[in-house]
Amino acid sequence: MRAAICRSYGPPEVVRVEDLPPPTLAAGQVRVKLGAASVNFSDVLLVANEYQLSVPTPFVPGSEFAGVVAEVAADVQGIVAGDRVAGTGLVGAFAEEVAVAARSLSRIPAAADAHLAAAFGVAYRTAYHALRSMAPIQPGEELIVLGAGGGVGLAAVEIGVLLGASVTAVASSAEKLEAAASRGARNLINHRTVELRQALRMALPGGADVVIDPVGGDLAEPALRTLRWGGRFVTLGYASGAVPRIPLNLVLLKGVRVLGFQLRDFATNVREDFQRNEAELADLLAERRLLPHIGAVFSLDEVAGALRHVADGHAVGKVVLDIA
Ligand SMILES: NC(=O)c1ccc[n+]([C@@H]2O[C@H](COP(=O)([O-])OP(=O)(O)OC[C@H]3O[C@@H](n4cnc5c(N)ncnc54)[C@H](OP(=O)(O)O)[C@@H]3O)[C@@H](O)[C@H]2O)c1
């Protein structure tokens, strides 16, 4: 099978496409023929060996996919060849086939094609759990989304609007802000062309209730300063490459809560909310009430270009690899 492979850590360009032996099935697993995979910022970090977890080389990168079940291990029940499924993991998705635990897969609703199903993974789940359970956002509240044109950010804009919030989108380009506006953002702020703290004050004179931050760096503090008393700041990641250091007196004076969210920890530690939210998300996709914005599609052979596109912060919404 054709697969992308990372043989030594480095920039996106170290990833090459090669012919590799197809994956073999272990107990409890199914083999999935992939139709699409989506590219996440974490894939870039894993290839660079800058993620929180290190994967030994060589490895096939790619952490979310959609496809069709090709083969099922003898001990697996409730899933058969031909079923359309989606899955997320740490690695393995930038390939024509993958073998994964049957219980890690979810069914793709008829309303979604492989591209949509692959794109409706980590970013949407992160944004949904963060807004629904961590924040939790209430109808009529003011929500600031940093990185609002990126994968997690644009999902947070769309989900914030769906949950009844008034959304202020912060991003670095007109194209990203247009995407946020198309998903219902009310205020649009280009942090490259204005001073963020001042612009947020003007847009939200009464302050904000919630900040969703997948970017960190210099944007975090001005956003936190915009919170009104009792606000919630949810830190999701540091795509800027810089972990912000927030003066704790701001937290005290404003009576705000700073909350950290990690999808895999939430899935393990907050089971009840996790399962409820995942069921709600599945319904929202099936009813086409949440539809990922796919800003760019690459072929498997263009995988290094796709990773570079994400690494350089050019992704608008989700970036998909077409593998079919
Ligand atoms: N906590 C969790 O469970 C969880 C789950 C998924 C992702 N994450 C993390 O969340 C972050 C965002 O992920 P994503 O999939 O939304 O990524 P993405 O689509 O690439 O978006 C990241 C955004 O960060 C901004 N950015 C600022 N400086 C950047 C730089 N030097 N390089 C790249 N982007 C830069 C860009 O926004 P502007 O151009 O508008 O400034 C970009 O749109 C990552 O750190 C990821 O690891 C965390």
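Is Asn49 buried, exposed or partly exposed? The points below take up this residue and other features of the structure, which is a predicted model.

1. **Asn49.** With a relative accessibility of 33%, Asn49 counts as partly exposed. The cut-offs matter here, because buried means under 20% and exposed over 50%. Asn49 belongs to the loop between α1 and β4. Although Asn49 is not a glycine, its phi is positive, at about 60°.

2. **The cis peptide bond.** The loop between α1 (41-47) and β4 (64-72) also holds Pro58. Thr57 and Pro58 are joined by a cis peptide bond, with omega about -5°.

3. **Helix α10.** This helix covers residues 271-286, which makes 16 residues. From its first C-alpha to its last, α10 reaches 22 Å, close to the 22 Å expected at 1.5 Å a residue. The buried residues of α10 are Phe274, Asn277, Leu281, Leu284 and Leu285. These residues lie on the same side of α10, because they cover an arc of only 90° around the axis. The packing partners of the buried residues of α10 are α3 (122-134), α4 (151-162) and α9 (263-269).

4. **Arg288.** Just after α10 comes Arg288, whose phi is positive at about 55°. Arg288 is not a glycine, and its place is the loop between α10 and β14 (294-299). At 44% relative accessibility, Arg288 counts as partly exposed.

5. **The nonpolar cores.** The largest nonpolar core comprises 52 residues. Those with the most contacts inside this core are Leu131, Leu143, Ile159, Ile212, Val234 and Phe261. Helix α3 supplies the largest share of the core, seven residues. Apart from its neighbours within four places in sequence, Ile212 is in contact with Ala130, Leu131, Leu143, Ile144, Val145, Leu146, Ala156, Val234 and Leu236. There is also a second, separate core of 36 residues, including Ala4, Leu34, Ala73 and Leu105. In soluble globular proteins, nonpolar side chains tend to be buried together.

6. Three aromatic pairs are found in a search of the whole structure. One of them is tilted: the rings of Phe261 and Phe266 have their centres 5.2 Å apart and their planes at 50°. Phe266 and Phe274 form an edge-to-face pair, 6.5 Å centre to centre with 65° between the planes. Phe261 is buried at a relative accessible area of 5%, Phe266 is buried at 5%, and Phe274 counts as buried at 9%.

7. **Salt bridges of strand β4.** The whole structure contains 19 salt bridges. In one of them, Glu71 pairs with Arg31, and the closest N and O atoms are 2.8 Å apart. Glu71 lies in β4 and Arg31 in β3 (residues 29-39), so the pair ties together parts that are 40 residues apart in sequence. Glu71 counts as partly exposed at 36% relative accessibility, whereas Arg31 is buried, with a relative accessible area of 17%. Another salt bridge joins the side chains of Glu64 and Lys318, at 3.4 Å from N to O. Glu64 lies in β4 and Lys318 in β15 (residues 318-322), so this pair ties together parts that are 254 residues apart in sequence. Glu64 is buried, with a relative accessible area of 1%, and Lys318 counts as buried at 2% relative accessibility.

8. Glu278 forms a salt bridge with Arg125, with the closest N and O atoms 2.9 Å apart. Glu278 lies in helix α10 and Arg125 in helix α3, so parts that are 153 residues apart in sequence are tied together. Glu278 counts as partly exposed at 21% relative accessibility; Arg125 is buried, with a relative accessible area of 15%.

9. **Ala102.** The loop between β6 (97-101) and β7 (105-107) contains Ala102. Ala102 is buried, with a relative accessible area of 15%. Leaving aside neighbours within four places in sequence, Ala102 is in contact with Gly28, Gln29, Val30, Val76 and Ile79. The C-alpha atoms of Ala102 and Val167 are separated by 38 Å, and the two residues are 65 residues apart along the chain.

Key: Residues are numbered from 1 along each chain as its sequence is written. This is a predicted model: local features need pLDDT of at least 70, side-chain atom pairs count only at pLDDT 80 or more; totals for chains, interfaces and linings use all residues. Side-chain values use heavy atoms; hydrogens and water are left out. Helices (H or I, at least four residues) and strands (E, at least two) are DSSP runs, numbered from the N terminus. The expected span of a helix is 1.5 Å times one less than its number of residues. Buried means under 20% relative accessible area, exposed over 50%, partly exposed in between (1.4 Å probe, protein chains only). The arc is that of the directions from the helix axis to the C-beta atoms. Contact means heavy atoms within 4.5 Å. A nonpolar core is a set of buried Ala, Val, Leu, Ile, Met, Phe, Trp, Tyr and Cys residues joined through side-chain atoms within 4.5 Å. Rings of Phe, Tyr and Trp (its six-membered ring) pair if their centres lie within 6.5 Å; planes under 30 degrees apart count as stacked, over 60 as edge-to-face and the rest as tilted. A salt bridge is a side-chain nitrogen of Lys or Arg within 4 Å of a carboxyl oxygen of Asp or Glu.
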